[in-house]
Amino acid sequence: MAIVDIAKTDETKPTVTGTVQSIFYESPDNFFKILLVKVAHKTIDWHETEIVVTGSFGDIKEDERYTFYGKVVTHPKYGKQFQADNYQVDQPTTKAGLVAYLSGEKFTGIGQKTAGKIVDTLGIDAIDKILEDPTALEPLGLNAKKQAQLVETLTINNGMEQIIIGLNNYGFGSSMAYNIYQTYHEDTLKIIQENPYQLVADIAGIGFKRADNLAETLGFAADSAVRVQGALMQALNELTNQAGDTYTQAKPLLAASIELMEKARNVAIDPNLVAEQLMALAHDGKVVGDENRIYPNGLFNAEWQIANHLMRIENERDQLSYPKHDLDQEIRHLEKRFKMTYDDVQQEAIKLAMTHRAFLLTGGPGTGKTTIINGIVTLYAELNGLSLDINEYKDTPFPILLAAPTGRAAKRMSETTGLPASTIHRLLGITGRENNPDVSGNKELEGGLLIIDEMSMVDTYLFRSLLRAVPSHMQVVLVGDKDQLPSVGAGQVFFDLLQSKVIPAVELQRIYRQDDQSTIIPLAHEINQGQLPADLLKPQKDRSFIQCNPYQIESVIEQVVTKAKARGFETKDIQVLAPMYKGAAGIDQLNPMIQNIMNPKLDDRKKQVSIGNVHYRIGDKVLHLVNSPEQNVFNGEIGQITGITYAKKSADKVDEITIAFDSAEVTYKRSEWHKITLAYCTSIHKAQGSEFEMVILPLVNQYQRMLKRNLLYTAVTRAKSLLILIGEPSAFQKAAQELSANRQTTLKERIQSVFNGEQLSTAIKTASVGQTEAKTIVDQPAPPSAPETAVDEQLNLVPEDDDAIQETPISYVLTPTVLTQQQVDPMIGMTGVTPYDFMPKSK
């Protein structure tokens, strides 16, 4: 399965051979470069002595000779250039040339005699043989130091080039090749040749179909083990991480895997083979079976780890008490300070937060969550003798940490408390793009109180990373609205925490914020009860309903936005929220229309750049689509374009867009524009954690599968002052009545198990699937066909009955795998031991 010979592959392509005179430009983010080449030989119609060559190249060196394969293109600004699809380093083609090369100044200690010996023994392709197998040098009698230097120099000068050439040959572009190389380094080609499906798990943007096309060219059969396992892992990811669940069952997993493989290649796949490879994945620890559930290993571990971290925090032996303070009296002082009166439920919430290490607070809009947060912060500072003036903490960390999943939610949190707040990712120093979420985030937080807002947006992996960073002495308050949409990532963490009923929690139900007879908040609460008000279609002071069919949506929104603009509403004030991207009333259709109203290109003086069918102008509202912690900008943040620099005026000779977000101003080169999109209309999920003066919400029956209560509730609660409902009343009615199915998770059960005394030993027991004889994981068919029976018999991932469960002995043997996967248990031999066991007992 070696790389296809580039000379044979590209022999019919036009070529340019020459010496690199200068490297005009090299991207810091991928392998794209622009070169000036002095032409020595070419197969194209070119009469100049030099030519500009562009493409994806490795460690290109000036004054070195290369052959480039590709075609002549005409750049609209810079004229004719040679666009290289691939290239190769020109190596000596004669014995004398190769001896001269190896005895040159690059290779310290290799003289002509030694170089001649190498070429005589290994032949004219000596360099390729050495790079492929350094032990080829052993029969030559070179000392170890000289061998190591020769291999290192060849690798530096040729190894990376061969990898990039190979990736080009496989059809990967500059950015993708860069990501692959940054992940695997010198092992890149070896990993791809051994298992191209590994790319699906490790490299964002590579799916099963692309990996399978590559695998087929490399000779992998349709029924090869690595192909079946690759399909299983892709299907498992789609059925869990992408669907929001933490587990699936065997039948849908096998069906999805087989469909994936048979669509990619027109070859029937034996279900028994798929079942065998599922067992192999379980044995290798990549999937975990528990009863009739199948988990990705990372999500299985994350749920157990969340449960154990919560137990560690809440079970801290140093119980919280304030003998010198009367909490009821302190709350009276708070009421005087804030000129308000807490009701009984609010007082209980503040007391529980003060006397427990972990506390949950939930409530809908207008129920006073912000009021309680301010009360908790102020009382915590009073009880612990702390100042809330951040200027007094120049040399020490501020003792109260506030965070939220998005930058906009964090900014609002900071505004309502007067204290600094950040995103959770920034607080933890993680990106959200870690290849292995099971080991991401090693920072321990400093401080005494942590408050997280918008908890419904926090997924399983992020919450596990957060709890891992929380020291045992810290108090944790988790605040959210349990009725909003769950996280984009896997899990329904906040809902499961509340359902577990083992962590102190308070739900605020009384509505306090009526905002001068606002009807938006009562509407949200009625939706939450599964009903709509009788006056839904009647115009109100702060909301209205415009009836229309799907094909009138665009026209109606156009009229509403035009009138809003005429009345003084700015771009930042108006937000259209739609459930879907496609269709007549979808996000993709509405964004350019609203852009042309709010930010039209009136003349040629207004700067505009385009990518595909999307146009960007100064003043446009845009949405950030990925986490970029190095720039302090995160997925879901909305900003405004403040500058456009055309390629001819930019330092790197590429178009650039500058965007101002709440937390930073960031410049994006054209190659980074995939990170942004227009934000005049966004999905409801993307708007979570934000509020807008005016929300325009179109809903029609065309959105059938998206019409759910939590989606409608979340959309309505984004509106601060005005809510314009557009579409079909029946669609709104259906959405209010239709409860979204709970996600498939077991976090609630894990938490209850741990708090009821079932500790990590059980987690280890259930995680050891694939190593024990077990009962069927598939639901019993009635009656099963022969093939299904065979499949069922093979999926023995868990024990047949409780009596048959034998806890697998834990191996403490230190192996390379244990080290590389960071599975060394720091508590070996210390079960049940805590730091308190080593402290002197108080008399």
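**Burial, salt bridges and local geometry in a predicted model**

Cysteine 681 is buried, at a relative accessible area of 1%, where buried denotes under 20% relative accessible area, exposed over 50%, and partly exposed the range in between (1.4 Å probe, protein chains only). Cysteine 548 is likewise buried, with a value of 9%. A search of the whole structure returned zero disulfides, a disulfide being a pair of cysteine sulfur atoms within 2.5 Å.

The structure is a predicted model, in which local features need pLDDT of at least 70 and side-chain atom pairs count only at pLDDT 80 or more, while totals for chains, interfaces and linings use all residues. Residues are numbered from 1 along each chain as its sequence is written, and side-chain values use heavy atoms, with hydrogens and water left out.

The protein comprises 843 residues, of which 49% are buried. Its secondary structure consists of 30 helices and 27 strands; helices (H or I, at least four residues) and strands (E, at least two) are DSSP runs, numbered from the N terminus. Of the contacts in the protein with a separation of 6 or more, 69% are accounted for by residues 24 or more positions apart, contact meaning heavy atoms within 4.5 Å.

Salt bridges were counted next. With a salt bridge defined as a side-chain nitrogen of Lys or Arg within 4 Å of a carboxyl oxygen of Asp or Glu, the total is 30. One of these joins glutamate 216 to arginine 265, with an N to O distance of 3.9 Å. Because glutamate 216 belongs to helix α9 (residues 208–217) and arginine 265 to the loop between α11 (250–264) and α12 (271–283), the pair ties together parts that are 49 residues apart in sequence. Glutamate 216 is partly exposed, at 45% relative accessible area, whereas arginine 265 is buried, at 8%. Both residues also belong to a network of salt bridges that links Asp212, Glu216, Arg227 and Arg265.

A further salt bridge pairs glutamate 382 with arginine 337, at 3.5 Å from N to O. Here glutamate 382 lies in helix α16 (residues 369–383) and arginine 337 in helix α14 (residues 327–338), so parts 45 residues apart in sequence are tied together by the pair. Glutamate 382 is partly exposed, with a relative accessibility of 45%, and arginine 337 is exposed, with 51%. Arginine 605 and aspartate 603 form another salt bridge, in which the closest N and O atoms are 3.4 Å apart. Arginine 605 is exposed, its relative accessible area being 75%, while aspartate 603 is partly exposed at 32%.

Grid points are joined across faces, edges and corners, and a volume is the space filled by probe spheres set on the points. Two cavities of 30 Å³ or more were found. The second largest cavity holds about 30 Å³ of space, and its lining is formed by Thr571, Ile574, Ile594, Met598 and Tyr680. This lining divides into four nonpolar residues, one polar and no charged, where Ala, Val, Leu, Ile, Met, Phe, Trp, Tyr, Cys and Pro count as nonpolar, Asp, Glu, Lys and Arg as charged, and the others, Gly among them, as polar.

Leucine 36 is placed in strand β2 (residues 32–42). Its relative accessibility of 16% makes leucine 36 buried. The C-alpha atom of leucine 36 is separated by 4.7 Å from that of valine 52, a residue 16 positions away along the chain. When residues up to four places away in sequence are not counted, leucine 36 touches Thr19, Val20, Gln21, Ser22, Phe24, Glu50, Ile51 and Val52.

Backbone geometry was also considered. Most residues other than glycine have a negative phi. Lysine 339, however, has a positive phi near 55°. Lysine 339 lies in the loop between α14 and α15 (344–355) and is exposed, at 77% relative accessibility. Glutamate 454, also not a glycine, has a positive phi of about 55°. Glutamate 454 is placed in the loop between β11 (449–452) and α19 (460–469). In contrast to the exposed lysine 339, glutamate 454 is buried, with a relative accessible area of 9%.

Methods:
On a 1 Å grid over the protein atoms alone, a cavity is a set of points where a 1.4 Å probe fits but cannot get out, and a pocket is an open set with protein on both sides within 12 Å along at least five of seven lines; lining residues have an atom within 4 Å of a point.
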